[in-house]
Amino acid sequence: MTKAPVFTARSLPESVDALERPTTVHLRPRYEGSNICTWIGFKHVNYLVEEAVLEHLRHSGWAAGMLYEDFGLCVDIVSIEAAILSATHIDDIVSARVVAEGRAVDGEIALTVGLDVHGPATPLKTVSAKVRVALRHDPRGGGAAPVPQVLEPYTVKEIDRASLVRIPVASTPPATVADGDALLAALTQDANAYGWKWRIPYFYCHFTERLQMSGYLRLMEEAVDLFLADRGISIKRLLDEQNWIPVVPKNSVVMLAEARMEEDLYTVLTVEDVFKRLIYTARMDCYVLRDGVPVHTATGRITHGYAVIENRRDWSLVEFDDRMIQRLNGQHG
């Protein structure tokens, strides 16, 4: 009789000392993110932050693939907050420095990430970000070694962070609703908001089950795009008529609960504030509906200004005109 193979986990550092040592890695933005001229959009800027975090874990001996394959632990970026200080271009070499904020914070790995672009003279600071990472048990089971003691402080059975995040909701959903249409109606009623229903496809997910952080970043980009089109100030219209593009100085996405593959996700984008004629802030909230009960799975904020394209390399910020002010404040086109 053939004996079953014996599973042996790969070696893992016995302390968090390596995790707490800063790391620096050189990256390049992906070509996909160069949508307007050669500038990289906020979503792919955050992808650079995500890749820097994954490289930090690899250098620390906690590679995402090894943690999953050996111990059944899923590396989940559950929160990202980024300030974009200057533009990143498609051919830039980005230096990413990752520093741990300390040992486990609320049962999660807390990191700060700084991105610099190599300039002709000195590096230029482009992004400052804060990131939280959780190690989530794989719900599908399978062969795995016991979770090492060093990983236990960062390990969770489920992503359930509502009690950790003290962010007031933009619009409180009813306790129960008849269906998704009723949920969207309740969330957008008397609000300067746009909402839509979307089925979560597998290619926005990871670890065979859950919507991942990059999926929420894509959703935020789509939410803004749909909102602006609904208001008659779509990206292409402003490009064609005024040579304007939106720019993003700040953005954040925070997971609150898990959203699963092929569930319907109900997303609402709400304009919170229009500051003078310079920027506006919008709030994204995502829900799934389970047995008639709305579950708040994520929240986020994005700040937008506008810039006029001067040439293929340069742009400059502009003030909102009357049409932009009216549409952002709730007057549809």
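Q: At the start of H4, which backbone nitrogen does a side-chain oxygen of aspartate 179 reach?

A: In this predicted model, a side-chain oxygen of aspartate 179 comes to within 3.2 Å of the backbone nitrogen of aspartate 181, at the start of H4. Beyond the other end of the helix, H4 is followed by aspartate 190, which has a positive phi near 55°.

Q: Which residues of helix H4 are buried, and where do they lie when seen down the axis of H4?

A: An α-helix has 3.6 residues a turn, so residues three or four places apart point the same way. In helix H4 (residues 180-188), the buried residues are Gly180, Leu183, Leu184 and Leu187. Viewed down the axis of H4, these buried residues fall within an arc of 95°, so they line one face of the helix. The elements that cover them include strand S9 (193-199), S13, S14 and S15.

Q: What confidence does the predictor assign to the protein chain, as a mean pLDDT?

A: Where pLDDT is low, the predicted coordinates should not be read in detail. Here the mean pLDDT of the protein chain is 92, and 95% of its residues reach 70 or more. Among the elements, the lowest mean, 88, belongs to helix H1 (residues 17-20), and the highest, 98, to strand S10 (residues 205-206).

Q: What span should the 18 residues of helix H2 have at 1.5 Å a residue, and how many of them are buried?

A: Helix H2 (residues 42-59) should span 26 Å, and its end C-alpha atoms are 26 Å apart, which agrees. As for burial, 15 of the 18 residues of H2 are buried, so this helix is largely enclosed by the rest of the structure. Just after H2, glycine 61 adopts a positive phi of about 90°.

Q: How many bridges join S13 to S14, and how many join S14 to S15?

A: In a regular strand the side chains alternate between the two faces of the sheet. Strand S13 (residues 264-275) and strand S14 (residues 279-290) run antiparallel and are joined by ten bridges. Eleven bridges join S14 to strand S15 (residues 293-309), again in an antiparallel arrangement. Individual pairs can be followed across the strands: tyrosine 266 has tyrosine 287 in S14 as its bridge partner, and tyrosine 287 has histidine 296 in S15 as its partner.

Q: Which residue takes a positive phi in the hairpin of S13 and S14, and which in the hairpin of S14 and S15?

A: The hairpin of S13 and S14 has three residues between the strands, and there lysine 276 takes a positive phi near 50°. With two residues between its strands, the hairpin of S14 and S15 has aspartate 291 at a positive phi near 55°.

Q: Is glutamate 263 buried or exposed?

A: Glutamate 263 has a relative accessible area of 16%; because buried means under 20%, this residue counts as buried. Glutamate 263 is located in the loop between strand S12 (244-255) and S13. Its side chain makes a polar contact of 2.8 Å with the side chain of arginine 290. Not counting residues up to four places away in sequence, glutamate 263 touches Trp198, Arg199, Ile200, Val288 and Arg290.

Q: Where does threonine 38 lie, and with which residues is threonine 38 in contact, leaving aside its neighbours within four places in sequence?

A: Threonine 38 occupies the loop between strand S2 (34-36) and strand S3 (39-40). With a relative accessible area of 28%, threonine 38 is partly exposed. The contacts of threonine 38, with neighbours within four places in sequence left aside, are Thr88, His89, Ile90 and Arg312. Its side chain makes a polar contact with that of histidine 89 (3.0 Å). The C-alpha atoms of threonine 38 and isoleucine 90 are separated by 5.5 Å, although the residues are 52 apart along the chain.

Definitions and conventions
Residues numbered from 1 in each chain as written. Predicted model: local features only at pLDDT ≥ 70, side-chain atom pairs only at ≥ 80, totals over all residues. Heavy atoms only, no water. pLDDT = per-residue confidence, 0-100. Helix = DSSP H or I, 4+ residues; strand = E, 2+ residues; numbered from the N terminus. Buried < 20%, exposed > 50% of the residue type's maximum accessible area, 1.4 Å probe, protein only. Contact = heavy atoms within 4.5 Å. Polar contact = N/O pair within 3.5 Å; in protein donor to acceptor, adjacent residues only side chain to side chain. Expected span 1.5 Å × (residues − 1). Pairing = 2+ DSSP bridges. Arc of directions from axis to C-beta.
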